[in-house]
Amino acid sequence: MFMIAGLGNPTLAYEGTRHNVGFDVIDALAAQYNISVDIRKSRALIGKGIIEGHKVILVKPQTYMNLSGESVGALADYYKIDEETELIVIYDDVSLDVGQLRIRKKGSAGGHNGIKNIIAHLGTEAFPRIKVGVGEKPKRYDLADYVLGHFSKEERQVMNEGYQKAVRAVRMMLDGETDAAMNEYNRKVKPKEVKDASPDTAIK
């Protein structure tokens, strides 16, 4: 069994924000494979289903981002998930262009508080992850304000393409083709011209 955890913040106030792209990828997976993510367990919304023949648990922690590890760690322990081979964590990355992916088999938190908390609770950095680019923070913006802001209409179109790439990457990783997924999606793709890409007023 595989556990796929997308990170984000709960409540309607945070829907569609940069920090919630992990939730958005989980929603894309759930829609494509008819999995209902509506069971409450270990401070998360989870859904069980099948993706290309593999049993999966889709997870949206409801702890707020900085405490993601409390939920992910508890679920990994309950379902006896091998972090190195059966866990995939999906989250936002401000160092990548909008909609770009970067897949890693392991690594540090890189300043991401949600990942930092997961590492603390799992006791290891050795778990696969998919980073989804949300664009670099403009100089005039505070980082917290930026990631809690929404995408522009044009950026959202690019992000939707990124979510579908992430869905395909998940499928490859479930099939044991993580190296192939890295070769396919870690290549830097020249972004399409995005007009009015500045973030909107951030949610406080």
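Student: Which backbone nitrogen lies 2.8 Å from a polar atom of the side chain of Asn9?

Tutor: Keeping in mind that this is a predicted model, the backbone nitrogen at 2.8 Å from a polar side-chain atom of Asn9 is that of Met65.

Student: And where is Asn9 found, and is it buried or exposed?

Tutor: Asn9 is found in the loop between β1 and α1, and with a relative accessibility of 6% Asn9 counts as buried.

Student: Which residues does Asn9 touch, leaving out those up to four places away in sequence?

Tutor: With that exclusion, Asn9 touches Tyr14, His19, Asn20, Phe23, Tyr64, Met65 and Leu148.

Student: Let's turn to the rings, then: how many aromatic pairs are there?

Tutor: The count comes to three aromatic pairs. One of them is formed by Tyr14 and Tyr64, which are edge-to-face, with 6.2 Å from centre to centre and 80° between the planes.

Student: Which parts does that pair tie together?

Tutor: Tyr14 lies in the loop between β1 (2-6) and α1 (21-32), while Tyr64 lies in the loop between β4 (54-61) and α2 (68-78), so the pair ties together parts that are 50 residues apart in sequence.

Student: What about accessibility, for Tyr14 and for Tyr64?

Tutor: Tyr14 counts as buried at 15% relative accessibility, whereas Tyr64 is partly exposed, with a relative accessible area of 38%.

Student: Which residue forms an aromatic pair with Tyr78?

Tutor: Tyr78 forms an aromatic pair with Tyr79, again described as edge-to-face, with the centres 4.9 Å apart and the planes at 85°. Tyr79 is buried, with a relative accessible area of 16%.

Student: Which charged end sits over the ring of Tyr78?

Tutor: That is the charged end of Lys41, which sits 3.8 Å from the centre of the Tyr78 ring. Elsewhere, Lys60 lies over the face of Phe23, at 5.1 Å from the ring centre, and Phe23 is among the residues that Asn9 touches.

Student: Changing topic to the fold, what is the strand order of the open sheet?

Tutor: The open sheet has seven strands in the order β2-β3-β4-β1-β5-β7-β6, and the pairing is mixed. β2 (39-41) and β6 (101-104) stand at the edges, each with a single partner strand, so one side of each has no neighbour in the sheet. From one strand to the next, the twist averages 25°.

Student: In which sense do β1 and β5 pair?

Tutor: β1 and strand β5 (residues 87-93) pair in the parallel sense, over four bridges, and within β5 it is Ile90 that stands opposite Gly6.

Student: Which strands does helix α6 lie across?

Tutor: Helix α6 (residues 153-174) lies across β1, β3 (44-51), β4, β5, β6 and β7 (129-133), and it runs at about 170° to β7.

Conventions. Residues are numbered from 1 along each chain as its sequence is written. This is a predicted model: local features need pLDDT of at least 70, side-chain atom pairs count only at pLDDT 80 or more; totals for chains, interfaces and linings use all residues. Side-chain values use heavy atoms; hydrogens and water are left out. Rings of Phe, Tyr and Trp (its six-membered ring) pair if their centres lie within 6.5 Å; planes under 30 degrees apart count as stacked, over 60 as edge-to-face and the rest as tilted. Helices (H or I, at least four residues) and strands (E, at least two) are DSSP runs, numbered from the N terminus. Buried means under 20% relative accessible area, exposed over 50%, partly exposed in between (1.4 Å probe, protein chains only). A charge sits over a ring if NZ of Lys or CZ of Arg is within 6 Å of the ring centre and within 35 degrees of the ring normal. A polar contact is a pair of N or O atoms within 3.5 Å; within protein, one must be able to donate a hydrogen and the other to accept it, and residues adjacent in sequence count only if both atoms are side-chain atoms. Contact means heavy atoms within 4.5 Å. Two strands pair if DSSP finds at least two bridges between them. Axes are lines fitted to C-alpha atoms, for helices over the stretch in contact, and angles run from 0 to 180 degrees between N-to-C directions.
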